[in-house]
Amino acid sequence: MTRDWLAPRMADLGTNAIREILKVVGRPGMISLAGGIPAPESFPLDLIEALTRETLSRFGAGALQYEATEGFGPLREALVTYLAAAGVAAGAGEILVTSGSQGGLDAVGKVCIGRGDGVAVEAPTYLGALQAFSPYGPRYLPLATDENGALPDALAALIQRGGVKLIYLVPTFQNPTGRTLPLDRRRAIAELIRAHDVLLVEDDPYSALRYRGEALPPIKAFAPDHVAYISTLSKVFAPGLRIGFVVAPARLHQALVRVKQGVDLHTSTLGQALAAVYLDGGHLTAHLPKIIDLYRPRQAALLAALERHLPTDFSWSRPDGGMFVWGEGPEGMDMEAVYWRAVEHKTAFVPGKFFYTEPGEGLATLRLNFTMAAPEQIDRAVGILAGAIRAVAARRRGA
Ligand SMILES: Cc1ncc(COP(=O)(O)O)c(C=O)c1O
């Protein structure tokens, strides 16, 4: 007899369809616009070598010892300044260091989501948040969006209907769309959550990667007691160090610490100590412009290539930062069919339907990443993508 070793909640996770289709991306010669990861050449390797030595001489064995669940003191202190620059006023005692922002998302899910609780998410949304929340059995409430992100009126209607336990948004350079919520919508959403006493999770991994335009204040700035603000050093230092952080309302903070303690006791002390030295030494200020200088031309190359190659019935986002551009074809276009055609010609992207909670949504959409390929490769890849689109469209017309 074979026993079922899995808990019933595993059934809620479904199959990982996106993982299955992206298996081919690692094939030799593939140009990938599918990834969502920083360029390896953006990591300051020499600097990290020097900082590791500095970290060990400054903190000694303390950099290798067990640490408080809340985080390594010097890093929490350094994050006070980092967060203030991002528009989040927080004392060191209000900051919880997590294993990436993903660790923060999991902790919030564990603490706040019960089976059947309504969780409002942008349609489309970040897949990793769905993976973090889904084990706790939420009922997703898709939030209508336009080219400027979530619509406050749609959120108001959802809240009015009742049953919104938590709202999850990526307001700046969203993954997957690259969209940024304008100031008036940030204020309107802050007002809504305050008025209805609803918790908002503001996931902000990308706002530091701004290539143009003025920075916007986070929603947290307008509703500090109703927003759990989550950010990370993954995109501005190195994701492998797994340094994320959460500034949650006081009524949530201790609960997050308690569940994190059960998960991993604390985030790697060495990584945290290294991050403290990186921030304290002003190295982020020196290094961030280099990351931006690497990505800006890649994004420009992608936007120019889309203009050059894509059929006129396609539209796409033109974000001021981040790592993604979102495209949409005419109704009826099957972007997964385009994907398979494009990978045959060694170009990969992510069909957009995987970022929706409702089946049948976003079939004609796609996410394109521009951080991992050089400008010439990007142009070639978009040319191949356009060829695949035309082939699939022709087959459809012929069918
Ligand atoms: C919106 C969003 N949130 C969270 C994460 C996870 O980042 P971290 O490396 O900090 O866990 C990502 C990573 O791509 C992301 O796009």
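W340 has a relative accessible area of 34% and is therefore partly exposed; the classes are buried under 20% relative accessible area, exposed over 50% and partly exposed in between (1.4 Å probe, protein chains only). The model is predicted, so local features need pLDDT of at least 70 and side-chain atom pairs count only at pLDDT 80 or more, while totals for chains, interfaces and linings use all residues. Residues are numbered from 1 along each chain as its sequence is written, and side-chain values use heavy atoms, with hydrogens and water left out.

**Aromatic pairs**

A search of the whole structure gives 10 aromatic pairs. One of them joins W326 and F355, whose ring centres are 6.1 Å apart and whose planes stand at 70 degrees, so the pair is edge-to-face. Rings of Phe, Tyr and Trp (its six-membered ring) pair if their centres lie within 6.5 Å; planes under 30 degrees apart count as stacked, over 60 as edge-to-face and the rest as tilted. Because W326 belongs to strand β12 (residues 324-328) and F355 to the loop between β14 (350-351) and β15 (365-369), this pair ties together parts 29 residues apart in sequence. Strands (E, at least two residues) and helices (H or I, at least four) are DSSP runs, numbered from the N terminus. W326 and F355 are both buried. Y339 and W340 also form an edge-to-face pair, at 5.0 Å centre to centre with 80 degrees between the planes. Y339 counts as buried because its relative accessibility is 0%.

**Ligand surroundings**

There are 13 residues around the ligand, and S101, D203, Y206, T232 and S234 come nearest; a residue is near if one of its heavy atoms lies within 4 Å.

| Side chain | Ligand atom | Distance |
|---|---|---|
| N175 | oxygen | 2.9 Å |
| D203 | nitrogen | 2.6 Å |
| R242 | oxygen | 2.8 Å |

Taken alone, the ligand exposes 400 Å², of which the protein buries 92%. Accessible areas come from the Shrake-Rupley method with a 1.4 Å probe; for residues, only the protein chains shown count as cover.

**Surface patch**

W5, L6, M10 and L13 make up a nonpolar surface patch with about 490 Å² of accessible area together. Patch residues have over 30% relative accessible area and no salt bridge; nonpolar side chains (Val, Leu, Ile, Met, Phe, Trp, Tyr) are joined within 5 Å, like charges within 9 Å. A salt bridge is a side-chain nitrogen of Lys or Arg within 4 Å of a carboxyl oxygen of Asp or Glu. L13 sits in the loop between α1 (9-12) and α2 (17-22), and counts as partly exposed because its relative accessibility is 33%.

Conventions: Polar contact = N/O pair within 3.5 Å; in protein donor to acceptor, adjacent residues only side chain to side chain.
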